[in-house]
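I opened this notebook to record what I looked up on one residue and on the nonpolar packing of the chain. The entries follow in the order in which I made them.

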Amino acid sequence: MQRSKPRILVTGAVGQIGSELTPALRERYGHNNVVAAGHKTKPSAALRDSGPFEFIDVTQRETIEAVVDKYDIDTICHLAAILSAVGEQHPQLAWNVNMNGLYNILEVARERELARVFCPSSIAAFGPETPRDNTPQETVLLPRTMYGVTKVAGELLCNYYFCRFGLDVRGVRYPGIISSETPPGGGTTDYAVEIFYEAIKYKRYNCFLKEDTVLPMMYMPDCIKATIGLMEADLSSLTRHADYNLAAFSFSPSELVAEIKEHIPDLACSYNPDFRQQIADSWPRSIDDSAARRDWGWKPQYSLAAMVADMLEKLGRKHAEGKLQST
Ligand code: VAH
């Protein structure tokens, strides 16, 4: 029986994307139809008080099964993952969480015949052999990070579950995501969020990437729009499953600084690349997302200028209220 509204489990709900996608899903499908799950980090009051919250460990299948059964879940949005930078510091942890965690999610979904699973990939699936400009949907996937390896393996595993078991698994290759609600943790693109906090508080930022490092990025509202857009797309219109290229805009740290200086002219940025420079250098500069645009009508709304203005307005308000978190 097709339900009028899905009953969704969001793993990684306390993370950068999860902490904004969960409220958006709750608004759209009903607060009690969206169960937020974290691993250890306590949820914000807003997340905790706006619907069901549970702690799970995706590497322990029984914790997933317990929540799926308790809330009669039919859809899983699986965001729990170790990102690129932390994944290079702890590659075995990244494999365990990203691969065994995904395997457990897919097995629970298969055994319980869930309606749909959303599991994102990333531009980290690409490597230095991949064409770096307007990176095609079908191309060389030789990532140089454990995170990227788990994303390629995850794409293949999800595709297998669709072809072998008919499990409706969908996903996009997220670019770097910029957001105002939760400071990011453990990524290579985190500079593009941290800089706003530091610019507002101190008018200065020490960037861990070189000033000319161009990377594909996206503002959180567009990330949420794309995620829900693919989750709701008619299966018959999809020519791919868990590996849609996705893009909005690309910029370098110096281009982002120039745009922020339109609002904070005194911003001073220094550039001291660390180990994350090598990760960034293995990723594309821009992405061809024509398959997503064709199959399910994807189209970004925010430009670089619009994102910067909105980020500064939201974080500036938090700062004025003494609520701007530390990054
Ligand atoms: C990271 N923010 O930096 C993530 C993302 C494309 C980058 O996967 O690891």
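This is a predicted model: local features need pLDDT of at least 70, side-chain atom pairs count only at pLDDT 80 or more; totals for chains, interfaces and linings use all residues.

I take helices (H or I, at least four residues) and strands (E, at least two) as DSSP runs, numbered from the N terminus. Residues are numbered from 1 along each chain as its sequence is written, and side-chain values use heavy atoms, with hydrogens and water left out.

Entry on Ile8. I find Ile8 in strand E1 (residues 8-11), and its relative accessible area of 1% makes it buried (under 20%, with exposed over 50% and partly exposed in between, for a 1.4 Å probe and protein chains only). Leaving out residues up to four places away in sequence, I list among its contacts Leu25, Tyr29, Val35, Ile73 and Met231, where contact means heavy atoms within 4.5 Å.

Entry on the cores. I count as a nonpolar core a set of buried Ala, Val, Leu, Ile, Met, Phe, Trp, Tyr and Cys residues joined through side-chain atoms within 4.5 Å. The largest has 40 residues, and Ile178, Phe196 and Ile260 are among those with the most contacts inside it. Helix H7 (191-202) and helix H12 (304-320) are among the elements that each supply at least two residues of this core, and the largest share, eight residues, comes from H7. Because domain 1 (8-176 + 218-245) and domain 2 (179-217 + 250-285 + 303-320) both give residues to this core, it lies between them; the domain bounds come from an automatic or database domain assignment. Apart from this core I note another, of 34 residues, including Val10 and Cys223.
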